[in-house]
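Subject: Structure handover

Hello,

Here is the structure I said I would pass on. Please open it and keep it beside this email while you read the notes below.

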Amino acid sequence: MSQETTRSSRVRRYHAASWDEGVVYELGAPGRRGVIPPTSWAPADDGPTFAEGLRRDGVADLPELAEYEVRRHFTHLAQQTLGMMGISLFGTCTMKHSPTVNEQLAARPEVAAVHPRQDASTMQGLLGIVHDLEAELCNLSGMSAFSFQPGGGADAAYLNMVITRAHFEAKGELGQRRQVITTAQAHPCNPATAKAAGFEVVTLPVEEDGYPSLEAFRSVIGPQTAAIVLNNPDDMGVYNPFITEVIDAVHAEGGLAFYDSANFNGVMTRLRARDLGFDACMYMLHKTFGAPKGGNGPSVGAYGCSDELAPFLPGPRVERHDDACVFIEPEQSVGRVREFFGNVPQLLKAYSWTRAMGTDGLREAADLSVLANNYMEHRLMAIPGVTMSFAGKALPRLEMTRYSLEEYAAETGLSTVDVQNRMTDFGIDAYWLAHEPWIVPEPFTPEAGEMWSKEDLDEWIDVLEHVLEEGRNDPELVRTAPHRQVVAQIDGSGLDDPERWATTWAAYRRKHATS
C-alpha cells in the first residue's frame, strides 16, 4: 500500500480547490466596469468642496473589472479558504457553527440600518436585546453588570486591568497595589495587559499536577497584590481544585480576582464565576456563544463584574427604566475602550443562540463537550507516539487536553508542525499547538466541543494516526507537506526582510517596480 493510499474509509481522498489566479489588481483590463453611474451623480459645480489636502491628484489606482469577473474571483477565493471547512478542533477557541438564521437576523434593517447615534427611543427593540443578553450573562456568571464594548478577549483583559487600576486609585491604594499574579499557563493577553496597564507581573510556574500549588500562590500574595488573573480550566483542560482557597487568600489581602473564561464551554451552567469568589470575568461571545469567530474578528469580549466594580465600567451602558431602555454613564467610568456600546450584530447572534439553547441546552452542550473530549483522549492515548500532558497526575480533563508528539519527534525527526501540515492534505483544518513558549514539547491541543459528531472525531483521529504512520514509512512526504492544498510550504528566509515583503498593492508596486 503506497503512502498516498488511505488506510481507512474515514480517511478521505481529498484535494483542495486551487486556482492559479493573480490578486484582483492583476485581473481585468482598463475601461472595464461593473456599474457605470449616471452623470446625474456627479457633484454640482456649486456643491461641497474638499480641502486641498483631501483631494486626489490623479485617477484612483483601483482594479478595473466587469461584475462577473469580480464575482468569479471572490468565489475562487472562497473555495480556497472558507471552502475548506473541514473538521476544525481548534483548541481554546471553541469554534462553533453560526446558525444561518442568526446571520439573517443580524442582516435585517432593524439591526444593520441602525445608527448608534440615534435617539434611544428609536431603537428600543435592539436595546432591549442588549439588555436581556446582559441579564443572561449575569445569570450564567453571577456577576452584577456587563460591558460589551471590548473588541475581544485581550481587550476585555485590558479593560479588567484598567478597572483594577481605577478601583485601587479610588481607594487610595494604587501606590501599594503594584503586582498582578498569573500563571505560566494563562493566556498571554493576561500578563501582557497587566503590564500595559502599569502593573508588575508575577508568573507562577506550572507544577507536577498541571497547576501551581496553593502554597505557591500564598507565597506571592500579599498587601502588594492588586489581582490574580486565572484561566480555570486552563488550556490543557486542567481544573485547579484549590481555586476557592486561592481567591480567599487574595481577598484576605484586599486584592481582586479575575476569571478569564475563554474556556467556559465545558462548564456552562455547571459553575458561576461569582460563586467561586471572582470579582470579574469575561466571555468570548465569538467563541462560546455561537457567533462566528472569523479571522481576527468580528468579536466581542463580554466583561462582567461585581457591584463594587460596576461604577467603573465603560459607558454608555443600557439600562431599563420604567419599561424603556436608556443609555447611562457609570459614575466613575474609566472611559470607552471601543466605540459606542459594542459590536451589535454579534450581540444579536449570541442572544439568539443563547435563547435557542436555553438553560438545558447550554448544560447539555457542556456535558457533550466533556464527553467528547474524554472520548478523544481514550482513542488518542492508544496511538503510538502520542502522550498526554501530566498524564496520571492531573484531574480528569474537561473541555480539551494538551497532547504531545515528543516521543514521535524523537523517533522520526518530524515535528508537530510537520504533522499539522500533512493533516490538511486530508481536509482537516490545522490543529492548534499551544501558546508560546511551549510548556509541553511538540504540543497539539484539539477541542472537540459539542458540535462535532462521533464520526467527525473518529475521522480526525484516523487521519492523525494515518499521518503518523506515513511519517514512519516516508518522513519526507510529511516533512514537505502540504501537497494537496492551495499553497505549498513557503520559503520563510525573507519574512523578516522589509525590503522584500509588502503589505499593500501600492507598496508591492513601489518595491518591485511593476506597471
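Two strands count as paired if DSSP finds at least two bridges between them. Strands of a sheet pair through backbone hydrogen bonds, either parallel or antiparallel. Please note that this is a predicted model.

The sheet: three strands form an open sheet with antiparallel pairing, in the order β10-β11-β12. β10 (387-388) and β12 (443-444) are at the edges, and each has a single partner strand, so one side of each has no neighbour in the sheet. Between β10 and β11 (residues 403-404) there are two bridges, in the antiparallel sense. In one of the pairs, methionine 388 has tyrosine 403 of β11 as its bridge partner.

The helices: α2 (residues 100-107) packs against α10 at an angle of about 140°, and their axes are 9 Å apart. The two helices are therefore oblique to each other. The crossing of α2 past α10 is right-handed. On the α2 side the contact is made by Asn102, Glu103, Leu105 and Ala106, and on the α10 side by Pro345, Leu348, Lys349, Ser352 and Trp353. Sorted by class, this contact has five nonpolar, two polar and two charged residues.

Leaving aside residues up to four places away in sequence, glutamate 329 touches Gly315, Pro316 and Arg336. Arginine 165 is 164 residues from glutamate 329 along the chain, and their C-alpha atoms are separated by 19 Å.

Regards

Technical notes
Residues are numbered from 1 along each chain as its sequence is written. This is a predicted model: local features need pLDDT of at least 70, side-chain atom pairs count only at pLDDT 80 or more; totals for chains, interfaces and linings use all residues. Side-chain values use heavy atoms; hydrogens and water are left out. Contact means heavy atoms within 4.5 Å. Helices (H or I, at least four residues) and strands (E, at least two) are DSSP runs, numbered from the N terminus. Axes are lines fitted to C-alpha atoms, for helices over the stretch in contact, and angles run from 0 to 180 degrees between N-to-C directions. Angles under 35 degrees count as roughly parallel, over 145 as roughly antiparallel, 65 to 115 as roughly perpendicular and the rest as oblique. A crossing is left-handed if the near helix is turned anticlockwise from the far one by less than a right angle, and right-handed if clockwise. Ala, Val, Leu, Ile, Met, Phe, Trp, Tyr, Cys and Pro count as nonpolar, Asp, Glu, Lys and Arg as charged, and the others, Gly among them, as polar.
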